[in-house]
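Look at the sequence and the fold together.

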Amino acid sequence: PTPTPTPPDVTFKFIGTFGPRDHPFAVLVLGDQIVNARVGDVVFDHFLLRRVGYESIDVGFVGFAPTETRRLGISP
């Protein structure tokens, strides 16, 4: 049988949030790139921001089921 595809590793860091409480931005870092993203945004070509919380975010994967997510806490 063909192996089930696995989502890519999450290689970026979540360093914080800002903006309005009902529609916050997540601040993400990958190498020397800094990205501000909101729920529904595709970041770094492969990742979909599903939830932005005060201390964590839920990340989905482009081309994978919506239930396939990873939770990232704030990185130091």
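Strands here are DSSP runs of E with at least two residues, helices are runs of H or I with at least four residues, and both are numbered from the N terminus. Two strands pair if DSSP finds at least two bridges between them. The model is predicted, so local features need pLDDT of at least 70 and side-chain atom pairs count only at pLDDT 80 or more, while totals for chains, interfaces and linings use all residues. Residues are numbered from 1 along each chain as its sequence is written, and side-chain values use heavy atoms, with hydrogens and water left out.

Four strands form an open sheet in the order β4-β5-β6-β7, and their pairing is antiparallel. The edges are held by β4 (42–43) and β7 (70–73); each has a single partner strand, so one side of each is left without a neighbour in the sheet.

Strands β5 (residues 47–52) and β6 (residues 56–61) run antiparallel and are joined by five bridges.

Now turn to the loop between β4 and β5, where F44 is found. D45 lies in that loop between β4 and β5 as well. Phi of F44 is near 50°, a positive value in a residue other than glycine. For D45, also a residue other than glycine, phi is positive too, near 70°.

F44 has a relative accessible area of 15%, so F44 is buried. D45 counts as exposed because its relative accessibility is 65%.

Notes: Buried means under 20% relative accessible area, exposed over 50%, partly exposed in between (1.4 Å probe, protein chains only).
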